[in-house]
Amino acid sequence: MAEKVLMKGNEAIAESAIRSGCLHYFGYPITPQTEVAAYMAKRMPKIGGVFLQAESEISAINMVYGVAATGKRVMTSSSSPGISLKQEGISYIAGSDLPAVIVNVQRGGPGLGGIQPSQSDYFQATKGGGHGDYHLIVLTPSSVQEMADLTSLAFDLADKYRMPAMLLADGTMGQMMEPVVLPEPKNCTVDKPWALTGTECKREHNIVNSLYLSPEVLERTNIERFERYKEVEKNETRWEEYMMEDAEYCIVAFGIAARVAKNAIKVLREKGIKTGLIRPITVWPFPTEPIRKAADKVKGFISVELSMGQMIEDVKLAEECKKPVSLCSRSGGMIPDVEKIVKSVEEMANGEAK
Amino acid sequence: MAVVFEKPKSLTSKEFHYCPGCPHGIIHRLVAEAIDNLGIEGKAIGVAPVGCAVMAYDYFTCDMIEAAHGRAPAVATGIKRSLPENIVFTYQGDGDLASIGMAETVHAATRNENITIIFVNNAIYGMTGGQMAPTSLPGQVTQTSPYGRDVKTAGYPIKVAELLSSLDAPYYIERVAVNNVKNVKHAGKAIEKAFRNQMEGKGFSLIEVISACPTNWGLTPQKALQWVDEKMIPYYPLGVYRDKDKEASV
């Protein structure tokens, strides 16, 4: 039985990545995720791995592109403004069908924003982010344990589906300390015949590329990639349901917002308002199905977010306008507290929700 | 009948897409000959740029990757750090390397990253149809400097070999040209040395190749090569700007 250790979320990501066989990390300092880089800087030289502080986030993601092309597990991490800079590279990685893991420990935006926790990169993470037709697998941890577990899962899914996966954490998850059981060491088990390794003059050359000057070929490539995305939607959609059996109101929340929501649900139930939670663990693919099903049972949905309201659009699409959906959110680095969530659900129950 | 002149093994049979009179074909050949001479075809991994040479991945028989505009040195860094035993090179133009990719270039150089960069300087953006490059000469007429490059508003050309040789780290930097037989022969030797340095673990080697762009300069191939002699080389003097082999022996 593995031992529990007390760890900061950012460090749990780093250690979990190493245990997942990631021996290449490229980063650039930015609050509130710098501990990932610091941990990697300390550990990688001791285990024969590569830590490199790149000259920019742009360079870091392109170094990731290079390593990913050689078939090795590789990761970069940053926070919101830095993730914006990485978008070009992420688009190339997606367009070249390469696996890689990108960590975004989000802070408030837009622009330089602030350094307090946020979930306001939801659109960027789930709707593409960079240019072109593509998706990332986007995992949203709600505890330090999940920071470790979902990092490990991100590597496996990225390799399995040959696509980049993102760990979309909010700053709270990066900074808080909790007991965690670290995953067992493992390695990639997927065969990568496409990898650049040098031909050894024994095979045709491999080309890693996202350029298709023929529109017919580019369209076909995109269609094939979206066939793969359908498989991801079918097999990899993950969520948690909490007290949904008898719920009349359904909160949808992830990350720190889901944890506050669980406390709010206890208060609401004491008040006789039967509330439950659907917590997306993947926000792409989004857990559309459980929300659609819940729409037949509950009286309404409350999307609790650390943004001006981004995930709410996916909640509305999922429940197909069957029931009202209201937003309970704080932005700019603020976190909705139990009282605010309780009030939002009560407003809906009283028919006062806007 | 004996064959006296062959295509290098490291070039595929794919026809080049380059314009008539474009020296990219010569430079590709020099790179392929260097790879052949050193016997590294099976170990080489090339990084293509964005620019005229974007489809270089179709022309070399080794494993290839296409980088985003300017990012080739960062991509090459990732590959080399992942596969230190392989031979990693980038092939980049002036807009790619000296404009949008300047940060990647300078930092790969200052890390003495053990890679080989072939930098083709023809003083213009070719693929997009002849815009001003960071290396366009003062007064040079291009699509985006239609009255000639005005150094008061557009600044001066960047001399990459000189700039990078101001850094302590890089191992070998030389500027060559491919406008006549003598220069082509010498360029081949410099390129081969840049690859050999990497094989010997010496570090960052960059060959700046002064090239020509007859199409976008609006000159015949012959006149373009003459323009290299009369205008380009006086501004961009050929020669070795850094060679730690020599420094070590002094």
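Me: What volume does the largest pocket have?

Reply: The model is a predicted one. Its largest pocket has a volume of about 400 Å³.

Me: Which residues lie nearest the centre of the largest pocket, and how many line it?

Reply: The lining comprises 20 residues, and those nearest the centre are Gly95(A), His131(A), Ser210(A), Leu211(A) and Leu218(A). Two or more lining residues come from each of helix H4 (80–95) and helix H8 (215–236) of chain A. H8(A) is the greatest contributor, with 4 residues.

Me: How do the residues of that lining divide into nonpolar, polar and charged?

Reply: The lining of the largest pocket has 9 nonpolar, 8 polar and 3 charged residues.

Me: How many cavities of 30 Å³ or more does the structure hold?

Reply: A cavity is to be read apart from a pocket, because a probe that fits inside a cavity cannot get out, while a pocket is open. The structure holds 1 cavity of 30 Å³ or more. The largest cavity takes up about 40 Å³ of space.

Me: Which elements give two or more residues to the lining of the largest cavity?

Reply: They are strand E5 (100–106) and H6 of chain A. H6(A) gives the most, with 3 residues. Among the lining residues are Lys72(A), Arg73(A), Phe155(A), Asp159(A) and Lys192(A). By type, the lining of the largest cavity divides into 6 nonpolar and 4 charged residues, with no polar ones.

Me: Which residues touch the most other members of the largest nonpolar core?

Reply: The general idea comes before the case. In soluble globular proteins, nonpolar side chains tend to be buried together. Here the largest nonpolar core has 138 residues, and Met75(A), Ile251(A) and Phe301(A) touch the most other members. The element that gives the most to this core is helix H6 (residues 144–161) of chain A, with 10 residues. Another core lies apart from it, with 38 residues that include Ala53(B), Phe60(B), Tyr172(B) and Val184(B).

Me: Which residues does Phe301(A) touch, not counting residues up to four places away in sequence?

Reply: Among them are Cys250(A), Val252(A), Ile291(A), Ala294(A), Val315(A), Val325(A) and Met348(A). The contacts of Phe301(A) also include Glu319(A), Lys323(A) and Ser326(A).

Me: Is Val342(A) buried or exposed?

Reply: Val342(A) is buried, because its relative accessible area is 6% and the cut-off for buried is under 20%. The residue belongs to helix H12 (residues 338–349) of chain A. Setting aside residues up to four places away in sequence, Val342(A) touches Ala264(A), Val267(A), Leu268(A) and Lys271(A). As for distance across the chain, the C-alpha atoms of Val342(A) and Asp156(A) are separated by 38 Å, with the two residues 186 apart along the chain.

Me: Where is Ser165(B) found, and with which residues is it in contact?

Reply: Ser165(B) is in the loop between helix H6 (160–164) and strand E5 (172–177) of chain B. Its relative accessibility is 17%, so Ser165(B) counts as buried. A polar atom of the Ser165(B) side chain lies 2.9 Å from the backbone oxygen of Glu162(B). Beyond its neighbours within four places in sequence, Ser165(B) is in contact with Ile173(B), Tyr241(B) and Arg242(B).

Me: Which residues does a cis peptide bond with omega of about 5° join?

Reply: Most residues other than glycine have a negative phi, and most peptide bonds are trans. In this model, a cis peptide bond with omega of about 5° joins Gly109(A) and Pro110(A). Pro110(A) is in the loop between E5 and helix H5 (122–126) of chain A. The bond from Trp284(A) to Pro285(A) is also cis, with omega near 0°. Pro285(A) lies in the loop between strand E13 (282–284) and helix H10 (288–294) of chain A.

Me: What is the phi of Glu320(A), and what is that of Ala123(B)?

Reply: Glu320(A) has a positive phi, near 55°, and Ala123(B) has a positive phi near 60°. Glu320(A) is in the loop between helix H11 (311–319) and strand E15 (325–329) of chain A. Its relative accessible area is 46%, so Glu320(A) is partly exposed. Ala123(B) is in the loop between strand E4 (116–121) and helix H5 (151–154) of chain B. Ala123(B) counts as buried, because its relative accessibility is 0%.

Key
Residues are numbered from 1 along each chain as its sequence is written. Chains are lettered from A and ligands numbered from 1 in the order in which they are written. This is a predicted model: local features need pLDDT of at least 70, side-chain atom pairs count only at pLDDT 80 or more; totals for chains, interfaces and linings use all residues. Side-chain values use heavy atoms; hydrogens and water are left out. Buried means under 20% relative accessible area, exposed over 50%, partly exposed in between (1.4 Å probe, protein chains only). A polar contact is a pair of N or O atoms within 3.5 Å; within protein, one must be able to donate a hydrogen and the other to accept it, and residues adjacent in sequence count only if both atoms are side-chain atoms. Contact means heavy atoms within 4.5 Å. On a 1 Å grid over the protein atoms alone, a cavity is a set of points where a 1.4 Å probe fits but cannot get out, and a pocket is an open set with protein on both sides within 12 Å along at least five of seven lines; lining residues have an atom within 4 Å of a point. Grid points are joined across faces, edges and corners, and a volume is the space filled by probe spheres set on the points. Ala, Val, Leu, Ile, Met, Phe, Trp, Tyr, Cys and Pro count as nonpolar, Asp, Glu, Lys and Arg as charged, and the others, Gly among them, as polar. A nonpolar core is a set of buried Ala, Val, Leu, Ile, Met, Phe, Trp, Tyr and Cys residues joined through side-chain atoms within 4.5 Å.
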